Amino acid sequence: MQVPTQIISAHCVVAFPDVVDIENAPGLRTALQRIIEAHAHTCDALIADLSASRFATATALSVLVETRRRTRREGMDLYVVVPAPLARKAFVITGLNESIPLYATLGEVPGRAAPPVPVTAPAPAPPARMPRQPGGGHRGECRTEDGGAAAGEDRPAP
């Protein structure tokens, strides 16, 4: 698999495909391994550029976790450029943003002019509460419009 790669001020920038899935992941893993081996002595960091991705699949996250292990073994840093909010959310939900630095643009990566954009976890949604049903129903009970138990069951309310 050919993966567009360029060297920018001691950073090896790898452009990821728009979707990483089980079909292209093996080729991407092999390409990343070769890039890391070839540039470990000339690059301080590998930048995974996910700018073409609107979302991050579990397979993409898996590839990045493996890439992080490889870059660390070679003494390189790993940075991820991920501008799409939905893709960034996958990193936050899984907690990968705690171990893999995320940036909205290539210009924000360390060694560049602009400082990094912090990624914070989204505020948790309030717990859903089921309202009390008219006719005496309780949470977790399924009642019909006339107040009787669903499916012909007639159970007393607890």
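**A chat about the fold**

Modeller: Happy to, and keep in mind that this is a predicted model. Let's start with Thr57, whose side chain reaches the backbone nitrogen of Ala60 at 3.0 Å.

Biologist: Where is the place of Thr57?

Modeller: Thr57 sits in the loop between S3 and H2.

Biologist: Is Thr57 buried or exposed?

Modeller: Buried: the cut-off is under 20% relative accessible area, so Thr57 counts as buried at 18% relative accessibility.

Biologist: And which residues does Thr57 touch, not counting those up to four places away in sequence?

Modeller: Those are Val19 and Val20. With Val20 there is a polar contact too: a polar atom of the Thr57 side chain lies 2.6 Å from the backbone oxygen of Val20.

Biologist: What about Asn24, where does that one lie?

Modeller: Asn24 is in the loop between S2 and H1. A polar atom of its side chain lies 2.9 Å from the backbone oxygen of Val19.

Biologist: Why does Asn24 count as buried?

Modeller: Its relative accessibility is 18%, and buried means under 20%.

Biologist: How far is the C-alpha atom of Asn24 from that of Thr59?

Modeller: The two C-alpha atoms are separated by 9.6 Å, although Asn24 and Thr59 are 35 residues apart along the chain.

Biologist: OK, new topic, the sheet. What order do the strands have?

Modeller: The order is S1-S2-S3-S4-S5, in an open sheet of five strands with mixed pairing. S1 (5-8) and S5 (102-103) stand at the edges with a single partner strand each, so one side of each has no neighbour in the sheet.

Biologist: In which sense do S1 and S2 pair?

Modeller: S1 and S2 are antiparallel, with four bridges between them. Thr5 stands opposite Val14 in S2.

Biologist: Which residue takes a positive phi in the hairpin of S1 and S2?

Modeller: Ser9 does, with phi near 40°, in a hairpin that has two residues between the strands.

Biologist: How many bridges link S3 and S4?

Modeller: Five, again in the parallel sense. Ala45 has Asp77 of S4 as its bridge partner.

Biologist: What do the helices do between these strands?

Modeller: S2, H1 and S3 make a right-handed β-α-β unit. From S3 the chain goes through H2 to S4, and that β-α-β crossover is right-handed. H1 lies across S1, S2 and S3, at about 165° to S2, while H2 lies across S3 and S4, at about 150° to S4.

Biologist: Now the largest nonpolar core. Which members touch the most other members?

Modeller: The core has 32 residues, and Val14, Phe16, Leu50, Leu64, Val80 and Phe91 touch the most other members. S2, H1, S3, H2, S4 and H3 each supply at least two residues of this core, and H1 gives the most, with six.

Biologist: Which residues is Val80 in contact with, leaving aside neighbours within four places in sequence?

Modeller: Val80 is in contact with Ala48, Leu50, Leu64, Phe91, Ile100, Pro101, Leu102 and Tyr103. Tyr103 also belongs to a second, separate core of eight residues, which includes Val13, Ala45 and Ile47 as well.

Biologist: Last one: which residues of H3 are buried?

Modeller: Ala87, Arg88, Ala90, Phe91 and Val92. These buried residues pack against H2, S4 and S5.

Technical notes:
Residues numbered from 1 in each chain as written. Predicted model: local features only at pLDDT ≥ 70, side-chain atom pairs only at ≥ 80, totals over all residues. Heavy atoms only, no water. Core = buried A, V, L, I, M, F, W, Y, C linked by side-chain atoms within 4.5 Å. Buried < 20%, exposed > 50% of the residue type's maximum accessible area, 1.4 Å probe, protein only. Contact = heavy atoms within 4.5 Å. Right-handed = clockwise from strand over helix to strand, strands pointing away. Pairing = 2+ DSSP bridges. Axes fitted to C-alpha atoms, helices over the stretch in contact; angles between N-to-C directions. Polar contact = N/O pair within 3.5 Å; in protein donor to acceptor, adjacent residues only side chain to side chain.
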